[in-house]
Amino acid sequence: METLQVGYLHAVAAAAGCSLSQPFPDNGIDWHVSHSAPGHTIDDEVTIKVQLKCTYQLAPHTPGAAPPAFSFTLDNEHLAKLARTPVSVHKILVVMIAPRSQDDWLRAGHDRLDLRHCCYWINLAGHPVTGRRRTTVRIPTARIFDDRALCEIMTRVGAGGRP
């Protein structure tokens, strides 16, 4: 599942005109995503940090369908890292919901490659740690992580805002 979500991230970053790098050691962050554009006001290149997670705990829901979000549980130490504020480089959590069966992950044709199911993103800055060891967060299904969403995130960060 980890390789599937990394492939998804690579495809989204490529379509959005972003570059990727992997920190080593990762220290709780999987990827750095950067974007260069003359329109960025804080710097010509902006970067966000991305933590990837993948689950097959539930089937994805289409926007407008109930529920408009799904629950995902993180270790408190990891949530605290993602929720820290203020930060110099913003972080987002990207959670992929994958089919339970590996046979259902991809469908290829002459004109397309369908990667199933979907990644969703959230900025957890300021989110409280509420559990004893783990905390459940709600991931909105309206926040599909695709090239358009990544471009919008980078535009906001490039203007000095939050993801």
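I take buried to mean a relative accessible area under 20%, exposed to mean over 50%, and partly exposed to mean in between, with a 1.4 Å probe and protein chains only. I am working with a predicted model, in which local features need pLDDT of at least 70 and side-chain atom pairs count only at pLDDT 80 or more, while totals for chains, interfaces and linings use all residues. I number residues from 1 along each chain as its sequence is written, and side-chain values use heavy atoms, with hydrogens and water left out.

Entry: Phe 72.
I looked up Phe 72 and found its place in strand S4, where strands (E, at least two residues) and helices (H or I, at least four) are DSSP runs numbered from the N terminus. For Gln 57, which is 15 residues from Phe 72 along the chain, I note a C-alpha separation of 9.2 Å.

Entry: rings.
I searched for aromatic pairs, that is, rings of Phe, Tyr and Trp (its six-membered ring) with centres within 6.5 Å, where planes under 30 degrees apart count as stacked, over 60 as edge-to-face and the rest as tilted. The structure holds one such pair. Its rings belong to Phe 70 and Tyr 120, with centres 5.5 Å apart and planes at 70°, so I record the pair as edge-to-face. Phe 70 is in strand S4 (residues 69–75) and Tyr 120 in strand S8 (residues 118–122), so that the pair links distant parts of the chain, 50 residues apart. I also note that both Phe 70 and Tyr 120 are buried.

I then checked for a charge over a ring, which requires NZ of Lys or CZ of Arg within 6 Å of the ring centre and within 35 degrees of the ring normal. Arg 143 lies over the face of Trp 121, at 4.8 Å from the ring centre.

Entry: helices H1 and H3.
I used axes that are lines fitted to C-alpha atoms, for helices over the stretch in contact, with angles running from 0 to 180 degrees between N-to-C directions. On that basis the axes of helix H1 (residues 2–16) and helix H3 (residues 147–158) come within 8 Å and cross at roughly 65°. I log the crossing of H1 and H3 as right-handed, a term for the near helix being turned clockwise from the far one by less than a right angle, with anticlockwise giving left-handed. On the H1 side I find Val 12, Ala 13, Ala 15 and Ala 16, which meet Asp 147, Leu 150 and Cys 151 in H3. By class, the contact of H1 with H3 has six nonpolar, no polar and one charged residues, where Ala, Val, Leu, Ile, Met, Phe, Trp, Tyr, Cys and Pro count as nonpolar, Asp, Glu, Lys and Arg as charged, and the others, Gly among them, as polar.

Entry: further residues in H1.
I place Val 6 in helix H1, and, leaving out residues up to four places away in sequence, I find that Val 6 touches Trp 31 and Leu 52.

Entry: Val 50.
I find Val 50 in strand S3 (residues 45–55), and at 0% relative accessibility Val 50 counts as buried. The C-alpha atoms of Val 50 and Val 94, 44 residues apart along the chain, are 6.8 Å from each other.

Entry: backbone.
Most residues other than glycine have a negative phi, and most peptide bonds are trans. I found a cis peptide bond joining Phe 24 and Pro 25, with omega about -5°, and Pro 25 lies in the loop between strand S1 (19–21) and strand S2 (31–36). Another cis peptide bond joins Arg 116 and His 117, with omega about 0°. Asn 27, although not a glycine, has a positive phi of about 50°, and I place Asn 27 in the loop between S1 and S2.

Key:
Contact = heavy atoms within 4.5 Å.
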